Amino acid sequence: QVQLVESGGGLVQAGGSLRLSCAASGRTFRRGVGWFRQAPEKEREFVAAISWSGGITVYADSLKGRFTISRDNAKNTAYLQMNSLKPEDTGVYYCAAQATAWSTSNEYDYWGQGTQVTVSS
């Protein structure tokens, strides 16, 4: 089992920044990691993903240039830097881990509990 704990969410004004963290424990962190978000009354959507090595990153087209995913494997932690935040970025942000170092299947075996991000206008 892999346990994932997100942190760093909160209330921020439009135009501000937040950095979310995803701390992993348990079995190996040698896995691809993704960030997802779910706005109220909307379906969960993909935000970004990163391979174990960090050499591969993928972003939702609408978020490129504002969000940056990274990881520090020595700390078993992945990050999501979010800049120029907009009210429509409001939602619960989840991190998730894949079964392997990287997979293009968009399948994730482990999920965190999520952290709330609220962007005020």
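How exposed is Glu45, in terms of relative accessible area? I started my notebook with that one, and the value came out at 37%, so Glu45 counts as partly exposed. A reminder to myself before going on: this is a predicted model.

**Entry 1: the partner of Glu45**

I looked next for what the side chain of Glu45 meets. It forms a salt bridge with the side chain of Arg37, at 2.5 Å from N to O. Arg37 itself is buried, with a relative accessible area of 8%. I noted the cut-off here: buried means under 20%, so the 8% of Arg37 qualifies.

Putting the pieces together, I wrote down a network of salt bridges linking Arg37, Glu45, Arg66 and Asp89. Searching the whole structure, I get four salt bridges.

**Entry 2: an arginine without a salt bridge**

Then I turned to Arg31, in the loop between β3 and β4. What does a buried arginine do when it has no salt bridge? For Arg31, the nearest side chain of opposite charge is that of Asp109, 5.1 Å away. I did find a backbone contact: the Arg31 side chain reaches the backbone oxygen of Thr28 at 2.9 Å.

β4 covers residues 33-38, and five of its six residues are buried.

Which strands pair with β4? One of them is β5 (residues 45-50), which runs antiparallel to β4 and is joined to it by five bridges. Within this pairing, I marked Gly34 and Ala49 as bridge partners. The hairpin of β4 and β5 has six residues between the strands, and among them Glu41 takes a positive phi near 65°.

The other is β9, again antiparallel, with six bridges to β4. A handy landmark for this pairing is Val33, which stands opposite Ala97 in β9.

**Entry 3: the disulfide**

How many disulfides does the structure hold? I count one. Its cysteines are Cys22 and Cys95, with their sulfur atoms 2.1 Å apart. The link joins distant parts of the chain, from Cys22 in strand β3 (residues 18-26) to Cys95 in strand β9 (residues 91-97), 73 residues apart. I also noted the handedness: the angle about the S-S bond is 65°, and the link is right-handed. Buried or exposed, I asked of the two cysteines? Both Cys22 and Cys95 are buried.

**Entry 4: the sheet with β3**

Cys22 brought me to β3, and from there to its sheet. It is an open sheet of four strands in the order β1-β3-β8-β7, with antiparallel pairing. β1 (2-7) and β7 (67-72) stand at the edges with a single partner strand each, so one side of each has no neighbour in the sheet. On average, neighbouring strands here are turned by 20° against each other, direction ignored.

Inside the sheet, I looked at β3 and β8 (residues 77-82), which pair antiparallel over six bridges. To find this pairing on screen, I used Ser21, whose bridge partner in β8 is Tyr79.

Notes:
Residues numbered from 1 in each chain as written. Predicted model: local features only at pLDDT ≥ 70, side-chain atom pairs only at ≥ 80, totals over all residues. Heavy atoms only, no water. Disulfide = S-S within 2.5 Å. Helix = DSSP H or I, 4+ residues; strand = E, 2+ residues; numbered from the N terminus. Buried < 20%, exposed > 50% of the residue type's maximum accessible area, 1.4 Å probe, protein only. Pairing = 2+ DSSP bridges. Axes fitted to C-alpha atoms, helices over the stretch in contact; angles between N-to-C directions. Lys, Arg positive; Asp, Glu negative; His and termini not counted. Polar contact = N/O pair within 3.5 Å; in protein donor to acceptor, adjacent residues only side chain to side chain.
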